[in-house]
Amino acid sequence: MSRKLTPQSRRMQAAEVKAFWQQDSVYQEIQRWIADAREDGVIQIAQAETVITGTVIVKMTEEEAARMREELPDADITEDRPIELIQPEASATDLKTEISQSDLWHLAAINLDNCRQKGYEYTGQDITIAVLDTGVYGNHPALKGRITKALTFDAQNSQILPMNPSVDTHKHGTHVAGLICGNQIGVAPNTNIFSGVIIPGGTGNLSDFVLALSWVSQQPEISIVNISAGFIGYLPDMETAIESLLLSGILPVCAVGNEGRNRTRSPGNYRDVVSVGSSTIDKRIAGFSGSATLNIGSHQYLVPNLVAPGKDIYSSIPGDKYEAISGTSMATPIVSGIAALILEEYPNIEVLDLKEELFARCETLQAPSDRQGYGLIQVQL
């Protein structure tokens with residue numbers, strides 16, 4: 001099925017996904033059950049719109065959840081749970097107020113410096129990436145003018161609220177955004193960033209994540225979503241929401257996790273995302289970079305799909321400083337930035353073709369395939 005990333009296509013595709021769920025028989029049964037339960041006063045339903053993910057967020061007791069499972073055996077009823085930041089590691093380097101060329105090895109590693117010297121002009125112009133993270137300090141000199149919208153998602157209280165686009169509740173989101181679009185440090189410096197806070201201070205809830213995915217899916221200007229949060233292990237609870245994101249015409253780019261071999265995180269280990277691991281300055285796989293062979297249903301596949309620079313990466317942090325941090329969270333926005341460059345070059349590309357183009361632009365490293373996927377992402381080979 002054709003799924004393009006242009007705003008016009010995105011509107012139609014999101015409407016199709018929403019209509020699909022509205023017509024789904026199980027989803028209709030869930031809605032009827034909830035309506036009856038609300039009349040009886042036994043549950044409260046969150047008022048936020050989440051139908052595009054096929055999910056309904058409700059507040060109920062464990063007893064009512066058990067009754068719902070018994071009466072609706074085909075419904076997938078999941079208890080809310082905490083979601084956390086994929087914790088990076090600070091490097092043993094000093095904070096900086098200015099960046100030197102030697103600090104930008106990540107841009108050379110993906111062949112961007114070389115491409116620019118040869119006249120490569122793509123910058124991510126008019127492309128919008130949603131960074132679902134801790135917020136972004138938009139007043140940083142590297143990021144001024146790039147944060148077009150900032151919201152916080154609170155499913156517990158049924159709220160989607162605007163927030164100051166210069167507030168980062170941690171520092172992680174600012175570092176991530178800098179690697180996408182930061183002046184001098186970013187891959188795609190003219191990309192616009194939508195900042196969505198789903199892990200304030202580094203922790204949030206599964207319900208907040210689903211609410212954010214639903215909202216993002218319905219914003220026609222957003223083409224790519226960058227996610228550096230998740231649960232250790234394969235957790236199927238978010239997979240339908242991620243699939244709906246892809247069907248609406250958005251490319252999810254997700255960190256695979258920092259727990260090393262044979263350990264991954266959801267949603268970074270889902271089939272529908274671009275799963276990103278971390279490489280080092282000498283083109284090796286970082287020891288912390290997650291990887292695994294997954295057997296899900298009748299499918300076997302490897303994660304990550306590819307790797308990007310993620311060890312000792314300088315980027316922006318609150319306070320107008322730059323810090324070197326290590327993690328697959330640093331590699332992921334580099335891939336998101338390259339996806340924006342490709343999308344600018346090929347504005348009518350379909351979302352699955354965009355994934356394939358990313359994979360085709362990888363340099364094979366001297367590492368096992370289960371650690372690197374297709375290899376080290378390049379702007380152009």
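This is a predicted model: local features need pLDDT of at least 70, side-chain atom pairs count only at pLDDT 80 or more; totals for chains, interfaces and linings use all residues.
1. With a relative accessibility of 1%, S279 counts as buried, because buried means under 20% relative accessible area.

2. What does S279 touch, once neighbours within four places in sequence are set aside? Its contacts are W105, R284, I285, A286, V307, A308, P309, G310, K311 and L376.

3. Next, have a look at the largest pocket, which holds about 1,000 Å³ of space. Its lining is made up of 37 residues, and T55, V56, D76, I77 and T78 are the ones nearest the centre. Two or more lining residues come from each of these elements: helix 2 (25-40), strand 2 (58-59), helix 3 (62-71), helix 7 (206-217) and helix 8 (239-247).

4. Finally, the cysteines. The structure has 0 disulfides. C115 is in none, and the nearest cysteine sulfur to it belongs to C362, 14 Å away. C254 is likewise in no disulfide, and here too the nearest cysteine sulfur is that of C362, at 16 Å.

5. Are C115 and C254 buried or exposed? C115 is buried, its relative accessible area being 6%. C254 also counts as buried, with a relative accessibility of 1%.

Notes
Residues are numbered from 1 along each chain as its sequence is written. Side-chain values use heavy atoms; hydrogens and water are left out. Buried means under 20% relative accessible area, exposed over 50%, partly exposed in between (1.4 Å probe, protein chains only). Contact means heavy atoms within 4.5 Å. On a 1 Å grid over the protein atoms alone, a cavity is a set of points where a 1.4 Å probe fits but cannot get out, and a pocket is an open set with protein on both sides within 12 Å along at least five of seven lines; lining residues have an atom within 4 Å of a point. Grid points are joined across faces, edges and corners, and a volume is the space filled by probe spheres set on the points. Helices (H or I, at least four residues) and strands (E, at least two) are DSSP runs, numbered from the N terminus. A disulfide is a pair of cysteine sulfur atoms within 2.5 Å.
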